[in-house]
Amino acid sequence: MPYARRLLEILAKLEVELYVVASDASLPIYESEMGESFGRFSAEFSEKYSEVKFYSESDFSAPIASGSFNFDAMAICPCSMKTLAGICHGYAENLLLRAADVALKERRRLVLVARETPLALTHLRNMCAATEAGAVILPACPAFYGKSESVFDLVNFVAARTVAAMGFEHNEIAPWGE
């Protein structure tokens with residue numbers, strides 16, 4: 001979840017239109033890893049960045065559910081193996097999976113920040129299938145060659161790589177929430 005939060009911060013500062021969907025399964029994980037509820041975070045984030053829109057996974061009326069709504073890129077960060085399986089098999093049971101399905105069918109950038117280790121053969125096959133369908137698999141693997149001095153540096157590396165894979169230029173290195 002730190003990767004997701006940092007990704008949102010960087011994209012919001014780039015002033016790109018953001019449509020955010022958190023799966024129901026991710027909400028308790030967010031709270032556990034970030035020490036606050038996703039509801040509180042999204043309310044504060046919306047207050048700071050009014051152009052950001054948050055949607056429930058059950059809200060199929062969101063613009064991103066339609067192929068006629070044009071968007072440049074989508075990232076799923078983190079991407080569970082369940083979500084990966086849904087994407088590569090076209091099982092669009094919620095808004096997150098439907099938006100990913102739209103990204104693939106409309107040939108838009110879809111970046112999947114995989115979060116699992118070790119990987120089972122089924123995971124690897126699903127990653128291959130998603131890649132063949134046009135997605136980019138970006139494992140949440142921080143780099144250590146930059147002589148990182150903090151966990152933030154490691155998180156920032158993955159978030160910055162995700163932004164670049166989405167096709168946005170940036171040079172964002174500010175600490176959390178600045």
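**The largest pocket**

Guide: E3 gives the most to the lining of the largest pocket, with 7 residues. Helices and strands here are DSSP runs (helices H or I, at least four residues; strands E, at least two), numbered from the N terminus. This is a predicted model: local features need pLDDT of at least 70, side-chain atom pairs count only at pLDDT 80 or more, and totals for chains, interfaces and linings use all residues. Residues are numbered from 1 along each chain as its sequence is written, and side-chain values use heavy atoms, without hydrogens and water.

The volume of the largest pocket is about 1100 Å³. A volume is the space filled by probe spheres set on grid points, joined across faces, edges and corners. A pocket is an open set of points on a 1 Å grid over the protein atoms alone, where a 1.4 Å probe fits, with protein on both sides within 12 Å along at least five of seven lines; lining residues have an atom within 4 Å of a point.

The largest pocket has 45 lining residues; Val21, Ala75, Ile76, Cys77 and Leu96 are the closest to its centre. Two or more residues each come from helix H1 (2-13), strand E1 (18-22), helix H2 (26-34), strand E3 (73-79), helix H4 (81-88) and helix H5 (95-105). The lining divides into 31 nonpolar, 7 polar and 7 charged residues. Nonpolar means Ala, Val, Leu, Ile, Met, Phe, Trp, Tyr, Cys and Pro; charged means Asp, Glu, Lys and Arg; the others, Gly among them, are polar.

Now E3 itself. Its 5 bridges to E4 run in a parallel pairing; strands pair if DSSP finds at least two bridges between them. Alanine 75 stands opposite valine 111 in E4.
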